[in-house]
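Good morning, everyone, and thank you for making time for this short talk. Please look at the sequence and the structure for a moment, and then I will walk you through some of the details.

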Amino acid sequence: MESKLLLSWMIAFPFIGAISQLLPEGVLRRLGAHRWLALLSCATSSVLGVVAVISLDSQNPALQFLDSFEWMEAFSIHYRVGIDGMSILPVLLISIVCPLLIASEWSLKRGQRGFHALLLILQGALLGAICSQDLFILFFFWALSAIPFFFLLGVWGGEERQEVASRSVVTAMLGNSFLFCAIILIYFAVDPHTFSIADLSGGKLDGARFSAGGREWDVGSIGFGLVALALFFRLPIWPFHGGYLRFAHQAPPSVLVAESALVFPVALYLFGRIGYGLFPKTFQTSASIIVTIGVISLIFGVFTGVSQRSFRRVLAYLCLSQVGLILIGMGSLDTAGFTGALFQQFAMGLAIAGFGLFLGAFLKRSGEENFVSEDGQPLIGGIALRAPTTTVVGSLVLASLAGVPGLVGFVGLALTMVGSYSVSPALVFITAFAVLVAAFLAVNLWRKVFLGPSGESSPTFADLNALERAYLFPLVAIMIVFGAYPKSLIDLVRPTVLSILSWIST
Amino acid sequence: MTTTLGILQVAWFLLISFAFSIGLVLSRSGESRRGTRLTLAGAGILCLWVACFLIYEIGPGAGLETWSHWSSAWLFSDGTKGQLNFGVGSSPLRVTLNWVLVGLTSIFAAIQLREGSTKDEHSILAGLLIAASASLFSLGVAAEWLSLAGVLIGSLGAAICMGGRWEEVVDADGVARLFFGRFLGWILFLCGALLLSAEGQEMTASTDVLAIWLILLGVWSQTQAFPWVAALSAGSGHQKPFKPFISEVLPAFVLIAVILHLQKPMASIGTATGIFWVFLISSLLTTLTGLFQKNAQKYGSHAFAALISLSFAASSLGHPKAAFWMGLGAIFSRCLLLISGGLEKNTDSKWVRWSSIGAAFLAFSSPLSLGFAGTQTFLTSISESTALAGIFVFALFMGQTLVWKAAFVNHRWSERQDQMIYFGAYGLIAIATFSLGWTGAWFAGGFLGNDEQMFPSWSAQALAGFLTESTVDLASQQVSGLLLVGLSALSIIFAYFTSLRKGDHWIAIEKKAPRTFHFVSNGFLIEATTSRATRALSRRLHQFENGMREVFPGRWPRRILSGVVGFTLRWIHRAELVWDLALTRSSARAVNMPGQVLQLIQNGSVQWYLMIALAVILSLLAHAMRNG
């Protein structure tokens with residue numbers, strides 16, 4: 001597939017947009033040009049992302065739209081980007097969600113330029129991390145993606161924003177240090193030394209060893225462990241999800257969406273990409289551990305979510321459970337399970353984005369972060385008849401998170417369950433049980449917020465305005481379209497999944 | 001041919017989607033003019049009818065064999081493992097159910113239109129269209145696992161139908177229960193379907209049995225029979241008949257179709273006596289909960305759930321046709337019971353009373369009805385097993401008692417002076433109940449091309465002794481027929497004396513044993529207990545998590561880390577101080593020394609020429625050492 005720098009432009013446009021926010025104020029500010037420039041650059045990148053997805057040759061599992069330039073030839077570091085079936089879903093997710101995030105902060109009063117610039121940097125960094133085919137470049141973009149959160153949280157966050165922002169960036173840096181160690185280890189494990197993912201994939205690291213402390217160590221085990229540890233530092237996985245809970249409590253809704261709906265799916269994607277690609281045998285031997293971690297996160301997330309009173313905490317625990325579900329799919333080592341895990345990353349991103357953006361619109365009206373009081377009485381309630389559009393959007397988002405058929409959440413769930421059968425039939429029941437509790441949580445939340453008599457915080461609750469409809473309706477429409485006909489995406493993913501899984505079977 | 005069928009399938013999907021969308025639009029059209037609402041509703045109903053004709057054209061109309069279907073891969077490509085298909089399936093049974101479903105929906109829509117412009121008219125019409133299109137979708141899709149998903153989507157119709165009462169706590173809880181109940185059933189069903197489809201031939205027999213169990217449990221939960229009865233017991237009992245029609249009757253069509261779909265896998269595991277007992281006990285307990293209700297409007301709902309559960313019991317013993325007839329009979333009876341409440345405006349209406357009794361009669365008591373034929377067939381086939389037959393007869397007797405009780409106390413709900421629409425609707429459904437019994441074989445065999453003779457045209461004849469050609473033993477047929485008639489008579493008497501003549505003895509139990517009454521009337525507190533247990537577990541986990549956060553990611557590592565770092569830093573700091581001090585002192589000495597020497601010379605303490613002599617000696621000594 002001829003590249004014509006498609007992916008490079010896709011990655012570059014957000015950075016150009018971020019730089020454009022530095023343009024002098026004055027006439028531009030009066031015209032509101034800064035935010036239009038931000039949206040334009042973000043949307044252009046998104047359009048290029050969608051073009052890349054549409055143009056992808058579904059029969060070809062290899063990398064497509066490859067761009068490659070020498071960067072530090074002496075160290076075999078190249079700027080090399082490309083996508084295959086595995087990368088298209090995160091690319092599509094970011095292409096869909098980022099413009100909506102920019103739009104959701106269209107009326108931000110304080111520091112809008114900075115906010116938009118940071119979101120654009122995040123978009124570019126995440127797209128770069130997904131498309132990178134060189135570990136060094138991948139690390140560069142992935143490490144860069146942590147920086148915006150320090151400012152987004154530290155400037156626009158809640159009362160404890162500075163502490164949480166510091167903790168967030170320190171945690172990310174700690175994770176990045178592990179990733180860097182792993183990359184260096186991988187680099188020196190092959191001869192000639194290389195950072196190229198393509199050159200390292202397919203089990204080439206199997207059997208590689210290195211000496212340290214007078215002993216021989218397996219590169220696969222240590223490297224995979226470091227990568228897993230690095231990425232788990234950026235993910236809400238039990239019991240290391242405390243930081244994320246605090247993040248969820250302090251972050252503005254759009255920043256919460258950026259972390260939960262964009263960074264987590266990308267972290268999971270990278271885990272799959274590096275794990276399956278570079279360490280197939282180690283991944284295979286670690287599958288049961290991955291599945292166990294997934295099951296614990298899933299069960300813990302849904303059960304603990306039931307007793308929460310705050311929207312933000314519910315979102316955080318639902319996120320935890322979704323990550324658990326995806327890990328189960330990945331650990332199944334099954335075509336359906338792995339495809340389901342990839343699709344679920346996409347579905348989770350859309351549904352969590354919907355929930356987060358809906359939450360933002362909701363908080364502007366009620367200002368109430370809790371939906372029930374300490375004694376379990378609804379604080380909001382009765383919105384369905386006064387704000388029907390809000391109700392429809394909120395219901396669809398919740399339904400997708402619960403895995404209702406016809407919505408995008410169902411597809412990933414069904415495929416993950418199909419795949420988990422190959423691990424153990426009992427896993428199907430555990431997953432189903434957790435999904436049932438998630439449904440209970442979603443229905444309970446829905447009942448307390450939308451139905452019943454009006455609560456203290458919702459006597460006058462206005463329906464969604466034009467701007468909110470403009471960014472929530474497309475999201476919900478996409479959730480329905482890909483829920484009703486997921487095959488268009490799965491046909492693109494499947495050849496690459498089969499190719500990657502073949503490395504494990506051989 | 002294939003192209004035409006493909007176009008018809010797409011057209012069918014579009015029509016169903018269109019009807020569903022019209023329902024959604026109607027749900028938002030509370031403020032619009034009535035004419036617009038009626039036009040939209042009419043268009044939606046028309047779509048449903050056209051979809052019915054299309055499904056006939058796709059299947060029997062095309063002259064194809066029964067159960068033929070055309071599907072395309074939904075998730076994965078054809079022939080791959082884990083493939084889940086999505087397509088249209090058609091058979092005489094499905095066509096029949098489609099027509100009956102759309103016919104009944106049209107009748108109820110017409111009743112609503114005749115009721116006039118009420119506050120919740122748009123909600124009811126929207127609910128009808130959404131639920132009916134979802135049920136048609138379930139009947140039409142080729143994949144069994146998707147058919148129950150339609151029921152789940154259809155519950156949206158039931159929720160919208162209740163739109164005017166969403167602010168009532170009881171009804172809001174009812175809607176939430178409905179959704180969760182449907183979802184629960186769907187998850188069970190999906191697990192079973194996945195077990196059946198995931199591995200195909202590699203499955204063991206025990207997995208097969210487990211899969212069937214799960215599917216049936218999923219279907220069972222949709223009947224709202226015990227232990228899923230809480231939604232029926234806890235609702236306020238919405239006075240109009242549309243909600244029961246949407247949330248009970250329309251999904252029941254799909255459940256019957258699903259049961260018939262499962263003939264093949266069920267046959268592979270043989271007779272499922274365990275499942276039979278589950279359904280039977282469920283029916284009995286549902287009846288008991290129903291008899292203990294104080295709200296008269298709930299009798300019908302409980303009775304319907306109990307009868308549908310009974311028909312599933314018949315299915316589990318390998319008699320899907322009997323189950324089909326029993327289920328369809330229960331559906332017709334339920335619809336008649338709902339409509340009879342509108343037959344007269346007067347509260348003490350004799351029309352309401354007698355038509356309700358007629359509806360109850362048609363459920364399983366009339367020898368000419370489908371329900372009777374189904375029950376008779378089933379009883380005949382299990383007559384050899386006294387225990388099975390005995391308990392089934394007892395459950396049937398209790399179910400009929402509840403049906404009669406519902407008929408005796410059926411309430412009036414219409415506010416219209418002109419009741420002709422109700423008489424018309426009642427007559428149409430009653431005729432359908434009889435005519436399917438009498439002419440079903442012609443209908444199925446002649447019109448739909450079904451060689452298996454789905455409908456029991458011979459059943460009434462068998463009772464009259466006119467049967468000449470049948471594989472079923474005539475004597476057994478007559479015995480079971482007479483048994484059913486006797487059972488009906490007995491249940492009428494029992495219902496009359498326990499519920500009507502000198503007050504309601506079931507409700508009187510509340511005064512004598514209030515806790516027992518509360519326990520039974522609330523569905524044996526299954527839902528309350530489960531919900532409490534879930535919340536308690538959730539709270540415990542939350543506490544555990546808080547504790548863990550305090551101890552694990554909070555206190556321990558922080559203390560250890562800060563201890564290690566602090567200790568190291570303190571030692572580094574001390575070492576630095578010592579080093580710095582030593583360096584400072586040394587520097588000071590080094591700087592001070594020449595000054596001090598000069599000071600000594602200047603003071604005269606040391607003579608300068610002695611210093612020179614000392615320097616010369618040291619120089620000579622150094623020179624000697626170098627040369628030596």
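**Helices, strands and one interface**

In helix H3 of chain A, the buried residues are A:His34, A:Arg35, A:Leu37, A:Ala38, A:Ser41, A:Cys42, A:Ser45, A:Ser46, A:Leu48, A:Gly49 and A:Ala52. By buried I mean that 20 or more other C-beta atoms, placed from the backbone, lie within 10 Å of the residue's own, while 12 or fewer makes a residue exposed and anything in between makes it partly exposed. Helices here are DSSP runs of H or I with at least four residues, strands are DSSP runs of E with at least two, and both are numbered from the N terminus. H3(A) covers residues 33-55, and its 23 residues reach 32 Å from the first C-alpha to the last, close to the 33 Å expected at 1.5 Å a residue, where the expected span is 1.5 Å times one less than the number of residues.

Before I go further, a word on what we are looking at. This is a predicted model, in which local features need pLDDT of at least 70 and side-chain atom pairs count only at pLDDT 80 or more, whereas totals for chains, interfaces and linings use all residues. Residues are numbered from 1 along each chain as its sequence is written, and chains are lettered from A and ligands numbered from 1 in the order in which they are written.

Let me stay with chain A and turn to its strands. A:Phe65 lies in strand S1, residues 64-72, and has a positive phi of about 55° although it is not a glycine. Is A:Phe65 buried or exposed? A:Phe65 counts as buried, because it has 23 C-beta neighbours inside 10 Å. In strand S2 of chain A, residues 77-83, we find A:His78, which is also counted as buried, with 20 C-beta neighbours inside 10 Å. Apart from neighbours within four places in sequence, A:His78 is in contact with A:Ser68, A:Phe69, A:Glu70, A:Trp71, A:Asp134 and A:Ser196, where contact means that the C-beta atoms, placed from the backbone, lie within 7 Å.

Further along chain A, strand S3 (residues 209-212) and strand S4 (residues 215-218) run antiparallel and are joined by four bridges; two strands pair if DSSP finds at least two bridges between them. A:Arg209 has A:Asp218 as its bridge partner in S4(A). These two strands form a hairpin with two residues between them, and A:Gly213 in the turn has a positive phi of about 65°.

Now to helix packing. Two packed helices are described by the angle between their axes and the distance between the axes. The axes are lines fitted to C-alpha atoms, for helices over the stretch in contact, and the angles run from 0 to 180 degrees between N-to-C directions. Helix H4 (residues 88-104) and helix H12 (residues 253-278) of chain A pack at about 170°, with axes 10 Å apart. H4(A) and H12(A) are therefore roughly antiparallel, since angles over 145 degrees count as roughly antiparallel, under 35 as roughly parallel, 65 to 115 as roughly perpendicular and the rest as oblique. By class, this contact of H4(A) with H12(A) has twelve nonpolar, two polar and no charged residues, with Ala, Val, Leu, Ile, Met, Phe, Trp, Tyr, Cys and Pro counted as nonpolar, Asp, Glu, Lys and Arg as charged, and the others, Gly among them, as polar.

In chain B, which has 23 helices and two strands, buried residues make up 50% of the 628 residues. Helix H12 (residues 297-316) of chain B packs against H13(B) at an angle of about 170°, with the axes 7 Å apart, and that makes H12(B) roughly antiparallel to H13(B). Of the 21 residues of H13(B), 21 are buried, so this helix is largely enclosed by the rest of the structure.

Two loops in chain B also deserve a look. A cis peptide bond, with omega about 5°, joins B:Phe226 and B:Pro227, and B:Pro227 lies in the loop between helix H7 (205-222) and helix H8 (230-234). B:Leu525, in the loop between helix H21 (514-521) and helix H22 (526-603), has a positive phi near 55°.

Finally, how many residues does each chain bring to the contact between A and B? Chain A gives 43 residues and chain B gives 42. On the side of chain A that touches chain B, H18(A) gives the most, with twelve residues.

Technical notes. Contact = placed C-beta atoms within 7 Å.
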